[in-house]
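Here is a friendly briefing to read with the model open beside you.

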Amino acid sequence: MGVRLSGRGKISTDKALLYTVAQIVGSFLGACVAAYLTKGQTILPGPGQGYEMGHVIIAEFFFSAFLVYTVLNVATTSKQSGNDYFGLAIGSVVVVGAVSVGGISGCCLNPAVSTGLGLAHMTFALATGASVEWAVLCTNLLTYFTIPLAGAVLAVFLFRFAREDEKSGLYVQLE
């Protein structure tokens, strides 16, 4: 969604929505396979032991911004056209985030990931008759959905400021 939010015409709204749905489905299926392999144990995004939601918000916001900023710079610019190494840069950011803040927030960095994990958690809880703490589930999903999007908005603004050579499309119309 960060690429779409950049307003540079690199992806259509329809295609961005399809990618989002595919990521949610992939996250859900991956979480279901993991839950099956661990005999029904699911992972629900939330603060790590000793941390509070405020810590999660800071970690997810800044590392989501860092990730989207990296994607915009290495995978969508005209100067990087034909670059086959952008996946290494993006993957490195994810690894740095996981190592740095994984214990604080779980390092989802992507609303589709947290949505898929939450759906799998609900599915397995309902299928096994386990109780679901709906208030916690909804609060966590709302946080893990909105905060990475806010981080993406910050990344877009930083990208537009730093990469004036990449102005095109909607951005030019907004000035």
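The count of aromatic pairs in this predicted model comes to two. One of them joins F61 and F62, an edge-to-face pair with 4.9 Å from centre to centre and 85° between the planes. The other joins F63 and F66, and this pair is also edge-to-face, at 6.3 Å centre to centre and 65° between the planes. From here, the points are grouped by topic.

**The aromatic pairs up close**

- A pair of aromatic rings is described by the distance of the centres and the angle of the planes.
- For F61 and F62, the angle of 85° is over the 60 degrees that edge-to-face requires.
- For F63 and F66, the centres are 6.3 Å apart, which is within the 6.5 Å limit for a pair.
- The angle of 65° for F63 and F66 is likewise over 60 degrees, so the pair counts as edge-to-face.
- Both F63 and F66 belong to helix 3, which covers residues 53–75, and they sit three residues apart, or about one turn of the helix.
- F63 is buried because its relative accessibility is 17%, and the cut-off for buried is under 20%.
- F66, with a relative accessibility of 39%, counts as partly exposed.
- F62 is also found in helix 3, and its 48% relative accessibility makes it partly exposed.
- Where does the chain come back towards F62? L154 is 92 residues away from F62 in sequence, yet their C-alpha atoms are 8.7 Å apart in space.

**Helix 3 with helix 4**

- Two packed helices are described by the angle between their axes and the distance between the axes.
- Helix 3 packs with helix 4 (residues 86–105) at an angle of about 175°, and the axes are 9 Å apart.
- This angle makes the two helices, helix 3 and helix 4, roughly antiparallel, because the class takes angles over 145 degrees.
- On the helix 3 side, the contact includes H55, V56, A59, E60, F63, F66 and L67, with T70, V71, V74 and A75 also taking part.
- Helix 4 contributes F86, A89, I90, V93, V94 and V96, together with G97, S100, V101, I104 and S105.
- By class, the contact of helix 3 with helix 4 has 16 nonpolar residues, five polar ones and one charged.

**Helix 3 with helix 6**

- What angle do helix 3 and helix 6 make? They pack at about 40°, with 7 Å between their axes.
- Helix 3 and helix 6 are therefore oblique to each other, and their crossing is right-handed.
- The contact of helix 3 with helix 6 holds 20 nonpolar, five polar and one charged residues.

**Helix 5 with helix 6**

- The axes of helix 5 (residues 111–128) and helix 6 (residues 134–162) come within 8 Å and cross at roughly 165°.
- Helix 5 and helix 6 are therefore roughly antiparallel to each other, and helix 5 passes helix 6 in a left-handed crossing.
- Helix 5 brings P111, S114, T115, G118, H121, M122 and L126 to the contact, while helix 6 brings W134, L137, L141, Y144, F145, P148 and L149.
- Sorted by class, the contact of helix 5 with helix 6 has ten nonpolar and four polar residues, and no charged ones.

**P45, a buried loop residue**

- P45 is placed in the loop between helix 2 (13–37) and helix 3.
- Is P45 buried or exposed? With 4% relative accessibility, P45 counts as buried.
- Leaving aside residues up to four places away in sequence, P45 touches C108, S114, L117, N140 and Y144.
- G106 is 61 residues from P45 along the chain, and their C-alpha atoms are separated by 6.2 Å.

- Most residues other than glycine have a negative phi, and most peptide bonds are trans.
- K39 is not a glycine, but its phi is positive, at about 60°.
- K39 is found in the loop between helix 2 and helix 3, and with a relative accessible area of 79% K39 is exposed.
- C107 is another residue other than glycine with a positive phi, near 55°.
- The place of C107 is the loop between helix 4 and helix 5, and its relative accessible area of 11% makes C107 buried.

Note on methods: Residues are numbered from 1 along each chain as its sequence is written. This is a predicted model: local features need pLDDT of at least 70, side-chain atom pairs count only at pLDDT 80 or more; totals for chains, interfaces and linings use all residues. Side-chain values use heavy atoms; hydrogens and water are left out. Rings of Phe, Tyr and Trp (its six-membered ring) pair if their centres lie within 6.5 Å; planes under 30 degrees apart count as stacked, over 60 as edge-to-face and the rest as tilted. Buried means under 20% relative accessible area, exposed over 50%, partly exposed in between (1.4 Å probe, protein chains only). Helices (H or I, at least four residues) and strands (E, at least two) are DSSP runs, numbered from the N terminus. Axes are lines fitted to C-alpha atoms, for helices over the stretch in contact, and angles run from 0 to 180 degrees between N-to-C directions. Angles under 35 degrees count as roughly parallel, over 145 as roughly antiparallel, 65 to 115 as roughly perpendicular and the rest as oblique. Contact means heavy atoms within 4.5 Å. Ala, Val, Leu, Ile, Met, Phe, Trp, Tyr, Cys and Pro count as nonpolar, Asp, Glu, Lys and Arg as charged, and the others, Gly among them, as polar. A crossing is left-handed if the near helix is turned anticlockwise from the far one by less than a right angle, and right-handed if clockwise.
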